Amino acid sequence: MVDLDSEVPPLPPRYRFRDLLLGDQGWQSDDRVQVEFYMNENTFKERLKLFFIKNQRSSLRIRLFNFSLKLLSCFLYIIRVLLDDPTQGLGWSPIIWVNRSLPLWGLQVSVALISLLETLLLSYLSYKGNIWEQILRIPFLLEVINAVPFIITIFWPDLRNLFIPVFLNCWLAKHALENMINDLHRAIQRTQSAMFNQVLILISTLLCLIFTCICGIQHLERAGNRLTLFDSLYFCIVTFSTVGFGDVTPKIWPSKLLVVIMICVALVVLPIQFEQLAYLWMERQKSGGNYSRHRAQTEKHVVLCVSSLKIDLLMDFLNEFYAHPRLQDYYVVILCPAEMDAQVRRVLQIPMWSQRVIYLQGSALKDQDLLRAKMDDAEACFILSSRCEVDRTAADHQTILRAWAVKDFAPNCPLYVQILKPENKFHIKFADHIVCEEEFKYAMLALNCICPATSTLITLLVHTSRGQESQQSPEQWQKMYGRCSGNEVYHINLEESVFFAEYEGKSFTYASFHAHKKFGVCLIGIRKEDNKNILLNPGPRYIMSSTDICFYINITKEENSAFKKQEKHRKKHESKLSYHGASRLPVHSIIAGMGTVAIDLQDAGCRMSSGPTLALPSEGGKEGRRPSIAPVLEVADSSSLQTCDLLSDQSEDETTPSDEEVSAGLEYAKGYPPYSPYIGSSPTFCHLLHEKVPFCCLRLDKGCQHNYYEDAKAYGFKNKLIIVAAETAGNGLYNFIVPLRAYYRPKKELNPIVLLLDNPLDDLLRCGVTFAANMVVVDKESTMSAEEDYMADAKTIVNVQTLFRLFSSLSIITELTHPANMRFMQFRAKDCYSLALSKLEKKEREKGSNLAFMFRLPFAAGRVFSISMLDTLLYQSFVKDYMISITRLLLGLDTTPGSGFLCSMKITEEDLWIRTYARLYQKLCSSTGDIPIGVYRTESQKLTTSESQISINVEEWEDTKDTKEQISYRSNHRNSTSSDQSDHPLLRRKSMQWARRLSRRAPRHSGRTAEKINQQRMNLYKRSERQELAELVKNRMKHLGLSPAGYDEMNDHQNTLSYILINPSPDTRLELNDIVYLIRPDPLAYAPNTAPSRKDSFCNTVGQDTREETQL
């Protein structure tokens, strides 16, 4: 076998261990050749050029030395003038000859010689083939004038006292200073400020002009007035300032000529410098300058990155960001590639914002601009997408690149990113907080179909407000609605809390009920110390721990609350006054200030009763005795847990489908969707079909080999439809379908979903709009690029108005781009109540309210919302990092094991025995473990005659001329005018003839009768217009072969108004048809290990208590 060691060559001497220790002593004996490579020519000239010009640091030192030489020469000139005696000599000789001592001459000759040699050397190194270009340069000529005469005096001693204009070296010093500043910026690798350079040039130019004029006048006047340097300085300042006292004036013509020349030069040079300075100042105002490093290290700031800054976006961000007290000292640096428009400029000039907001024009993709914004020192970076772009995917791509650039430049800076499309979300998973617009939008639209006005509920929760809106209004609903809108979500540690510390070791439902009864706060969730997941209503089995973080809804956080204990007799007195009406203002937290609330401590004692269910208990005492409710147990026992377990199967038909379902082929199973439409979607447990439906069967308007139905009526759906009118079927629809098919919804309550990609009248009728439960209209993306920003919603608004006119009983839920356009929803031009609400909105906006639009009836009722209102969710997450997680749990976008879900229940006549919200809270907590968080109330609003109401002048149609009679009548907000007046000759003629017959039968002088006739005529006109639209729809349905039986044109619920009461006070009276928002515990958290045993044990119980779990 061959020895491998003998084949390996030994290491060269250079790489032996001994050579590594001793150095390169053995290199000379090595036979290899060392080769050196140069980036430039290895010549003497190139080495000098590298040292004097190319090398930044050495060049900076040389220029600094040159600048010092020029200043030294000027200083020596001043010394020579001060030591000189101007009285010697006659005529013009004092101008040609001066007195110069030998030491001073020696210093000046040395300085001149060094300066000349340096100039010649630099000219030689800068020579590029054209010698005249080097010789005719002004700095070279000045150097020759100032240095060569001194060198001549070395060889010709008689010329040592010859006058040499050394003061002209000030211009060479100015030139050296400019070059030195440029080299300084190159040496420290920083971008120079054009503004700083221009200011430096202007100041140095002005100083050089004054110094030249001083020295020139002083020297020329040696043959005249014999002025001193101070007199010459005084003359120049008076002359250049255009004051001109005349006490010091030049006497001889050379000095007068010099003054004329200097004034002409100043008039030419200085305006040019000032013009360049003004231009740079204007450009800097546009670009915004820099945020200094010193300020970034001593002050806190956040950066807002946007592609285009609109005034609405800016004000929403500033109002929400600075609504929190601890953010008042923060600065906001806006980084935007577009130039600041006029509206934004005017707003940023307001003193309140000018001291705290800095606008920088630049791109987040440039490190230079990120350095200007001091991104690496920022507390956070908000990156917002441009939702007004037609191509929303392209807008997301820009957002993704900005997020990558910021993360690359400042890895430790927290990122708050807004994305539009859910499929692009996984690219920015590294961001600390992400809000996907389409996810939230479709989830809120879906929950609006199940829980009315969920969009309004979420919007009010994520807006910062003190609950002071409309507190001076004479209408009770506006006071209650405005007060309850100030509720927000806060957090606190249990052991540090006054609200919840006493409930340590007790169940969650016990703590939630008693905290609400005693303090008026609503405990909705917790987070364990060792777990990052938030649990909404973990249920009665969960025991509160001292390390838990509690999340609660209240007007203000506990840290800003003051507590006071009331006496018992005062509480008794208040209890007598508590029920003075069906709707009343809350007594809890009624004293509000700037961030501080005084809360009345109530008695937390519970009434002992029997009856664990929501049904009406049997009354064993007197007939007038109020029914009692079971207390909420501190620790849930087996009976309460059994009741909670019933929630896991509300319909009790999960395993045994009905005969109708079998015949229809609809067999459901619970599970996770097998396919995800995009990366990053949260898996949700929901109802699924056992078999996949063929794609051809999904077309509602076309038959296939499996079925021949061509309209929704033919399918015979048992539940009402939910129609989604969208422009495209995007991936975001996944978040609309999943909440409607969630596992906790009973199968018999699942609504069919119809996707309508275009909405002409024929397609609307085919898809079953006449018997639909809800119609969801998604904003059209194709209209986003309107020339006027607010016109982006024009197509959506007009389409919804058409639906509103044709199908007045249809519940329409609309999403808009701009919140300001919500006032056009269900627009009625002459509705007095809408006009009153419009005035109220303007007043609230003038008071500085961030929720001025909240009193618009469509928004309050949850029929319209704008996704831009959820921008505040991203802003709030800077202070409340849990808000996005809680919102996603409420909307069903995320599911956490053990966390509850949002649902609703309706108050019926049999449930009114509960009377108050506190008793409802107790009943739910003691029976099902549900936590109520608010009430959705619908009531008929009747206008009363008061100073606050507005009487409207309605134009009546007369039978002869265009005479207009103004009437003022009392009506509800819907009956004033149902829709815009339109001219129809036939209907108008019939109504006039009918009015004539009525007018002949009644005396004309009766005012009451005339008013009644006028009202009847208006009602006839309105009814005629509705009948015309109804005939149009019915005829179209007959033409399409559809039965018009389901179309009820006169069924109209628009004579009502709806609003939300978030976390109302415990003594708030319940009303008929109130819808209560509930956070229900997770049914799967209490499910037994074996499903069949649970089925057998509770089969009989669920059938009779199913209604009690969904209704009171």
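The chain folds into 36 helices and 24 strands, as seen in a predicted model. It runs to 1112 residues, and 50% of them count as buried.

One part worth a look is an open sheet built from six strands. Reading across, the order is β3-β2-β1-β4-β5-β6, and the pairing is parallel. Two strands sit at the edges, β3 (357-361) and β6 (433-436). Each has a single partner strand, so one side of each goes without a neighbour in the sheet. Going from one strand to the next, the twist averages 15°. In general, strands of a sheet pair through backbone hydrogen bonds, and the pairing can be parallel or antiparallel.

Inside this sheet, β1 (residues 301-305) and β2 (residues 331-336) run parallel and are joined by five bridges. Where the two strands face each other, His301 stands opposite Tyr331 in β2.

On to the other strands of the sheet, and to a helix that goes with them. Helix α17, covering residues 392-409, lies across β4 (380-383) and β5 (415-419). Relative to β5, the helix runs at about 170°.

Notes
Residues are numbered from 1 along each chain as its sequence is written. This is a predicted model: local features need pLDDT of at least 70, side-chain atom pairs count only at pLDDT 80 or more; totals for chains, interfaces and linings use all residues. Side-chain values use heavy atoms; hydrogens and water are left out. Two strands pair if DSSP finds at least two bridges between them. Helices (H or I, at least four residues) and strands (E, at least two) are DSSP runs, numbered from the N terminus. Axes are lines fitted to C-alpha atoms, for helices over the stretch in contact, and angles run from 0 to 180 degrees between N-to-C directions. Contact means heavy atoms within 4.5 Å. Buried means under 20% relative accessible area, exposed over 50%, partly exposed in between (1.4 Å probe, protein chains only).
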